[in-house]
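Dear colleague,

Please find below the structure that I am handing over to you. My findings follow directly after it.

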Amino acid sequence: MSDLFYDAAPNATRVAPPLPTPRQYPAKPQQVYLFGTCVVDLFFPEAGLDAIRLLEREGLRVHFPQEQTCCGQPAYTSGYTEEARKVARAQLALFANDWPVVVPSGSCAGMLRHHYPELFKDEPETLAQVKALAERTFELAEFLLHVCQVELQDQGEPVQVALHTSCSARREMNTHLHGRALLAQLQRVERVEHDHESECCGFGGTFSVRMPDISGAMVRDKTRALQDSGAAQVISADCGCLMNINGSLELQDSPLRGQHLASFLWQRTGGRP
Amino acid sequence: MSQRIPVVELSSRDLKRNARQALGDSQLRGNMRSAMDSLMAKRLASMPDEYEREHLREMGNHVRARALSKLPELLERLEANLTRNGVKVHWAETVDEANTIVLAIAQAHQARQVIKGKSMVSEEMEMNHFLEGHGIEALESDMGEYIIQLDHEKPTHIIMPAIHKNARQVGSLFRDTLGIDYTEDVDTLIQTGRRVLREKFFAADIGVSGVNFAVAETGTLLLVENEGNGRMSTGVPPVHIAVTGIEKVVENLRDVVPLLSLLTRSALGQGITTYVNMISGPRRADELDGPQEVHLVLLDNGRSQAFADGELRQTLNCIRCGACMNHCPVYTRIGGQAYGTVYPGPIGKIISPHLMGLENTPDHPSASSLCGACGEVCPVKIPIPALLRRLREENIKKPDDPHRVMRGQGSKYSATERLVWQGWRLLNTSPLLYRLFGFFATRLRSLTPNIGPWAQNHAAPKPAARSLHELAKQHLEGK
């Protein structure tokens with residue numbers, strides 16, 4: 001019988017395979033690409049520009065390929081896999097040098113890093129290229145923290161902020177940890193928790209227009225939690241969530257607004273008042 | 001009794017409408033939120049060490065994947081070993097076949113009353129309704145199921161069928177249906193229910209139960225429960241009929257150990273349930289109690305369709321703990337009944353299309369923000385968001401697509417929507433077109449339309465004055 005219940009021993013996990021190792025980060029390079037993402041491009045371009053400025057301040061030369069469009073995520077998550085693959089393919093050729101690709105959005109970074117290999121799994125030649133791209137794709141906060149190893153000097157007034165992290169950024173890129181670590185470097189910024197902080201804001205790309213009732217209930221709960229947190233400002237590293245949260249706050253005539261992490265960091269550290 | 005509004009069975013085809021109704025029910029929203037918060041906290045408290053937890057999940061996934069990789073062989077071994085133990089094994093491809101088998105057994109014993117332990121497969125079969133149609137009373141003995149049955153409702157959760165009700169609502173229900181004085185005291189309510197049910201166990205001709213794990217190597221049916229009603233249902237009546245899905249088989253008892261650790265912790269944050277029943281056959285000659293006959297009905301009901309596809313097969317890893325529901329922001333807000341399916345929540349959205357066809361669950365794959373909370377807690381690591389995405393892909397296929405994967409594929413095919421995505425693709429594969437679009441979208445930003453469903457929850461979106469393409473170009477070339 002003792003053999004039968006071998007697996008129930010306190011150290012039962014010894015028979016399980018090891019967990020994946022945490023991501024290893026390269027040394028700081030001299031040049032990087034910025035993949036701006038379509039939402040930043042049209043709705044939050046300042047955030048993209050501030051990302052460039054933050055990277056430049058770390059001594060990096062930033063390249064922004066003008067041919068870039070969208071990572072393909074909206075079609076991919078909607079089930080239009082072929083359309084997503086075509087759009088993804090159009091981005092692949094733009095990052096030919098082996099410089100890191102920095103993305104000011106966790107969910108788009110996750111698309112490049114985790115879903116592109118899935119999209120091209122049946123094309124061995126492309127797959128090698130895609131995997132190499134995935135390997136050098138970084139979300140901005142992660143890149144600043146672990147590759148640039150930034151040391152931020154807070155120059156702003158004391159302020160309380162709430163941090164919202166997009167779900168795919170959280171689960172695919174650990175952006176919540178990176179965002180917190182960056183905010184913690186700012187001495188006069190206090191990050192306050194909000195109710196059900198890890199819960200989805202209800203955006204989910206096309207989910208927000210396919211299921212407006214459910215999505216609306218989610219964003220109303222999220223914005224209430226943010227308003228109740230006492231934070232003067234909402235910070236997020238994902239502009240999809242910011243569109244959703246800000247659009248809802250504006251509809252509710254709330255003065256509270258969300259700002260992209262890159263813009264917040266740039267402003268706090270003397271970029272502009 | 002007249003005060004209560006009978007709950008009409010909600011259709012799985014009307015998920016959006018059902019959800020809208022549920023969202024407006026503040027009592028339901030409050031009950032669900034506090035119940036799910038408590039369940040999430042309990043789960044985490046029972047598995048506080050991330051390293052151990054993740055290893056255990058990894059092991060659970062391996063055990064289930066291995067079992068499914070040799071499913072046909074394991075099912076044959078299960079049948080052989082159960083038969084050797086004196087259990088009669090029946091195979092049912094459809095719920096109709098399963099019900100017919102159960103009815104034949106009941107009629108052979110001239111059964112009038114059936115007492116049931118909790119079984120989601122029997123819900124799939126709508127066994128109670130079917131048996132009642134043949135003059136056989138089927139009574140639920142799980143307290144949650146009993147409450148639901150008294151209120152003519154459908155379960156809202158696979159583990160806690162009445163979780164959407166609070167003590168006040170159950171107090172009113174028991175007052176109206178059992179004739180007791182109104183009370184909100186949970187202990188009094190539970191004791192009342194138990195007293196009523198206790199008599200029924202001894203009066204029943206047949207006990208019906210589900211199965212948590214069917215062990216191939218030993219021919220053992222394993223059943224976990226906390227109320228003792230499972231043991232009573234399977235041990236007291238002269239005949240026991242277990243019903244389960246074909247995917248519930250595992251290779252051996254060692255495999256059960258990690259799965260059991262995961263199941264009870266993920267479901268209720270329990271280290272182990274109060275009862276763990278291991279049923280290995282009917283009463284033997286030298287035994288004093290137990291049923292004289294034990295039957296197992298193995299139901300397919302669309303499971304082999306999921307099995308046939310390597311990716312969708314992972315759906316069958318499920319050990320029915322309900323953790324995905326407890327952590328789902330959609331489920332927490334709309335409750336289980338809005339789905340109109342036996343299995344609600346994230347797992348329901350990926351299994352129901354196989355059981356009922358996508359034509360009957362057209363909106364289920366889309367009713368998710370793909371936030372990933374479900375996949376993160378699934379004890380057997382079913383990639384639920386990836387499977388939802390895959391079902392969306394099946395759902396929008398052309399109905400005449402020669403590659404047949406599942407029943408009802410293409411149920412959301414829309415030529416117009418496809419055209420929109422083709423336009424989107426054209427825009428995003430043509431850099432020049434994209435930049436032209438960006439140019440006009442920013443210059444004409446005050447004309448941006450606030451389209452219907454977006455406008456429901458948001459102020460009008462407004463593009464920036466200049467796109468990042470322009471700002472970056474200006475900035476980088478200015479160096």
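In this model, 62 residues of chain A are in contact with 60 residues of chain B; two residues count as in contact if their C-beta atoms, placed from the backbone, lie within 7 Å. The largest share of the side of chain A that touches chain B comes from helix 11 of chain A, with 8 residues. That side divides into 35 nonpolar, 17 polar and 10 charged residues (Ala, Val, Leu, Ile, Met, Phe, Trp, Tyr, Cys and Pro count as nonpolar, Asp, Glu, Lys and Arg as charged, and the others, Gly among them, as polar).

The model is predicted: local features need pLDDT of at least 70, side-chain atom pairs count only at pLDDT 80 or more, and totals for chains, interfaces and linings use all residues. Residues are numbered from 1 along each chain as its sequence is written, while chains are lettered from A and ligands numbered from 1 in the order in which they are written.

Helices are DSSP runs (H or I, at least four residues), numbered from the N terminus. In helix 11 of chain A, 12 of the 17 residues are buried, that is, 20 or more other C-beta atoms lie within 10 Å of their own, with C-beta atoms placed from the backbone. Among them are Ile214(A), Met218(A) and Leu226(A). Just after this helix, Gly230(A) takes a positive phi of about 85°.

The domain assignment, automatic or from a database, gives domain 1 (31–146) and domain 2 (152–268) of chain A. Domain 1 of chain A gives 29 residues to the contact and domain 2 of chain A gives 24 residues.

Yours sincerely

Terms used. Helices (H or I, at least four residues) and strands (E, at least two) are DSSP runs, numbered from the N terminus.
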